[in-house]
Amino acid sequence: MEELPIEPKGILWQNDFIDAEHEARLISIFLNELEWPDRPGRISLHYGYTFDYKTFGLDPDIPYKEFPDWLKPLIPTTESRPPEQVCLQYYPPGSGIPPHTDAHMAYDQLYALSLGAPTIMQFRQGERRVDVDLMPRSMMQMTGDSRLHWTHSIKKRKTDTLKDGTVRLRENRWSITYRWAREGDCECGNVDLCDVAQRRLGVEKEKRSVKQLAEKAEETSS
Ligand SMILES: O=C(O)CCC(=O)C(=O)O
Ligand SMILES: [Fe+2]
C-alpha cells in the first residue's frame with residue numbers, strides 16, 4: 001500500500017485489490033444471495049464480532065459470525081491477525097454516511113474496500129475539507145492523522161462534482177470495512193474526536209466536581 005501524497009496524512013492506498021471479474025461476482029452475490037435489512041438508505045451486514053455501544057467493546061453476548069466464503073479472500077493480510085469485525089455496506093444513490101471518526105477506544109486499524117460505483121469521501125478537520133475519490137476495487141487504510149484527527153463522511157447526494165468540474169451520477173456502491181480491536185488505550189489525546197480522551201476528561205471533571213462539592217460542604221460546616 002502507498003500513502004496518498006495529501007493532507008490528511010496517513011491514507012494508505014492500493015488500486016485494484018481485486019480484478020473486475022471478481023468484483024462482478026461479488027456484486028452478483030450481494031444482489032442475489034444476501035438477506036439485507038429492508039429499509040431505504042445505507043444498509044449494513046456484520047461479520048465477526050459485534051461492537052457493543054454500551055461497553056464500547058466487543059459484545060460478548062452476540063456470537064461470533066464466521067466470515068462467509070466470498071469474504072475470506074478479501075481479508076487484508078497486512079496485519080498480524082484477521083480483523084475482529086467486518087462490515088459490508090450498501091449505498092444506494094443519494095445515500096451517505098455522516099462525518100465521524102471510527103471509535104478510537106474500540107478499534108485500532110481500519111481498512112475499507114470499495115466496490116461498484118465510485119463515490120467521493122470528504123475528510124474534514126475544522127474548516128479544512130479534502131475530497132478523496134473512492135474508486136471501485138481500491139483498498140484504503142486509514143492510519144495516523146486520517147484515522148485519528150480528521151473526520152470522514154460521504155455526502156447524501158445524487159451526484160458528485162469532480163475536481164475538473166465533471167458532474168458524476170451516483171450509482172450503486174458497496175464497501176467492506178475491516179476493523180481490528182484496540183489492545184490498550186488510545187493515547188492520541190484529541191478531546192474533540194477521541195472517545196478515550198473524552199472519557200478521561202469526563203472522569204476528571206467528575207473528580208473535580210466531587211472535590212468541589214466536598215470543599216463546599218467543609219466550608220459550610222465550619
Ligand atoms: O463506505 C466506506 O467506504 C466507509 C464507511 C465508513 O466510514 C464506516 O463504515 O465507518
Ligand atoms: Fe468510518
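**The shell around ligand 1**

Mentor: Let's begin at the ligand: β6 (85–91), β8 (107–116) and β15 (173–181) each supply at least two residues of the shell around ligand 1. Keep in mind that this is a predicted model.

Trainee: Okay, and which residues surround ligand 1?

Mentor: Ligand 1 has Cys-87, Gln-89, Ile-97, Asp-102 and Ala-112 around it, along with Ser-114, Leu-134, His-152, Ser-175 and Thr-177.

Trainee: How do the residues of that shell divide into nonpolar, polar and charged?

Mentor: Four are nonpolar, five are polar and one is charged.

Trainee: Let me zoom out. How many helices and strands does the protein have?

Mentor: There are three helices and 15 strands. Along the principal axes, the C-alpha atoms fill a box of roughly 80 × 45 × 35 Å.

Trainee: And what share of the residues counts as buried?

Mentor: That would be 21% of the 222 residues. As for contacts with a separation of 6 or more, 73% of them come from residues 24 or more positions apart.

Trainee: New topic: where is Ser-28 placed?

Mentor: Ser-28 sits in helix α1, which covers residues 20–32.

Trainee: Is Ser-28 buried or exposed, and why?

Mentor: Exposed, because Ser-28 has 11 other C-beta atoms within 10 Å, and a residue counts as exposed at 12 or fewer.

Trainee: What about Ser-28 and Ser-138, how far apart are they in space?

Mentor: Their C-alpha atoms are 18 Å apart, while in sequence Ser-28 and Ser-138 are 110 residues apart.

Key
Residues numbered from 1 in each chain as written. Chains lettered and ligands numbered in written order. Predicted model: local features only at pLDDT ≥ 70, side-chain atom pairs only at ≥ 80, totals over all residues. Helix = DSSP H or I, 4+ residues; strand = E, 2+ residues; numbered from the N terminus. Buried ≥ 20, exposed ≤ 12 C-beta atoms within 10 Å, placed from the backbone. Contact = placed C-beta atoms within 7 Å. Near = placed C-beta within 6 Å. Nonpolar A, V, L, I, M, F, W, Y, C, P; charged D, E, K, R; others polar.
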